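Dear colleague,

Please find below the structure for your attention. The findings follow directly after it.

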Amino acid sequence: MHWYILGAGAIGRLWACLFEHGSVPTTLMLRDKAALKSWQHGNSIELHESGQVQRCSPKAETINNPNPIRHLLVTTKAYDTLTALRAIQHRLQPDCQIVLLQNGMGQQQAVLDLLPDCQLWAATTTAGAWREPPNRLHSISRGETLIGPLTPASSVLPDGWDRLPLTLTGCNEILPVLWRKLAINCAINPLSALENCRNGELLHNQHRLQLLRQVCTEVEQVAAAAGITLFTEPLHQQAEAVAHATGDNLSSMLQDIRHKRQTEIEQITGYLCHRASEYGIATPLNTALLHQIRTLTMEREHRND
Ligand SMILES: NC(=O)c1ccc[n+]([C@@H]2O[C@H](COP(=O)([O-])OP(=O)(O)OC[C@H]3O[C@@H](n4cnc5c(N)ncnc54)[C@H](OP(=O)(O)O)[C@@H]3O)[C@@H](O)[C@H]2O)c1
């Protein structure tokens with residue numbers, strides 16, 4: 001067993017360290033020769049975690065290496081999934097185990113369509129990490145990771161994952177788990193990005209709180225139409241609890257906007273609005289937020305020209 005990691009960013013590198021700690025052989029797949037050259041400055045990941053520093057030394061190679069792949073972890077941003085997979089598709093063996101560890105929805109079905117012979121899992125995590133190029137990685141928390149198969153599988157966990165040193169729960173029904181994460185992301189990410197505020201600041205202003213609750217109502221209607229039970233309590237209570245618990249955090253979408261990076265809005269609110277239109281459900285607020293984030297991103301791109 002050898003796990004290849006496609007998407008050697010913050011989460012991909014954190015998982016490379018976790019695989020190494022679990023004695024699971026791992027290779028980071030780097031985009032190109034420039035990325036490999038940068039990696040070769042230290043040939044390792046300097047992992048900063050809980051005030052300690054360790055070195056992890058997974059293998060690393062460019063995606064062009066021809067070796068066959070039987071175990072693949074995908075940790076690109078959701079919008080890069082298909083492009084990245086197409087570039088290495090010829091290396092994937094028919095029985096390949098693939099795990100998608102990403103935020104957002106839509107890419108899972110697209111991968112099922114692209115690679116019908118593979119065994120596919122989806123995972124979602126509350127781990128937090130950020131990368132300081134070239135090779136320093138800050139792990140904020142290993143969090144909790146939920147994983148489950150999207151194709152018929154003999155085991156709820158992929159090969160070797162029981163050895164990973166993290167809080168990992170195997171779920172027979174992963175789709176509702178992905179929806180729950182999507183629902184919370186819909187509630188917090190676009191609003192915090194547009195309001196340019198920390199998660200907790202969504203709760204301290206009556207207007208923002210009203211918007212958050214309206215987003216949640218729309219999300220609940222779409223989830224119900226998809227046959228998904230979100231939480232036992234109303235979504236807005238859950239979203240407010242998460243915003244409170246992560247009060248000082250900047251959401252990933254706000255961070256992406258501030259760092260002038262592409263956001264995952266299309267795979268979060270975009271996916272929700274797409275599903276809503278399939279069911280004939282109106283989601284005026286989510287649609288408005290989707291357009292506002294798109295406009296913000298486009299304006300930014302024009303300003304950069
Ligand atoms: N970071 C977190 O704390 C966190 C927590 C929970 C969930 N997540 C989710 O996990 C996923 C990954 O997030 P992240 O923060 O790790 O993102 P990231 O740091 O941007 O890493 C993504 C990596 O994918 C690589 N990539 C993209 N397209 C590629 C291609 N065609 N070939 C090879 N490599 C390619 C990028 O390479 P380049 O650097 O060369 O562009 C980058 O290194 C996202 O869905 C995110 O929402 C992240």
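Is histidine 138 buried, partly exposed or exposed? Histidine 138 counts as buried because its relative accessibility is 16%, where buried means under 20% relative accessible area, exposed over 50% and partly exposed in between, with a 1.4 Å probe and protein chains only.

Before the remaining findings, two remarks on the source are in order. This is a predicted model, in which local features need pLDDT of at least 70 and side-chain atom pairs count only at pLDDT 80 or more, while totals for chains, interfaces and linings use all residues. Residues are numbered from 1 along each chain as its sequence is written, and side-chain values use heavy atoms, with hydrogens and water left out.

Histidine 138 belongs to strand β10, residues 136-141; strands (E, at least two residues) and helices (H or I, at least four) are DSSP runs numbered from the N terminus. Its side chain makes a polar contact of 2.7 Å with the side chain of glutamate 132. A polar contact is a pair of N or O atoms within 3.5 Å; within protein, one must be able to donate a hydrogen and the other to accept it, and residues adjacent in sequence count only if both atoms are side-chain atoms. Beyond four places in sequence, histidine 138 is in contact (heavy atoms within 4.5 Å) with His48, Gly128, Ala129, Trp130 and Glu132.

Ligand oxygen atoms lie 2.6 Å from a polar side-chain atom of glutamate 264, 2.9 Å from a polar side-chain atom of arginine 31 and 2.9 Å from a polar backbone atom of isoleucine 11. On its own the ligand has 890 Å² of accessible area, and the protein covers 77% of it (Shrake-Rupley method, 1.4 Å probe).

Glutamate 218 is buried yet has no salt bridge, defined as a side-chain nitrogen of Lys or Arg within 4 Å of a carboxyl oxygen of Asp or Glu. The nearest side chain of opposite charge, arginine 294, is 14 Å away; Lys and Arg count as positive and Asp and Glu as negative, while His and the chain ends are not counted. Histidine 207 counts as partly exposed because its relative accessibility is 48%.

Yours sincerely
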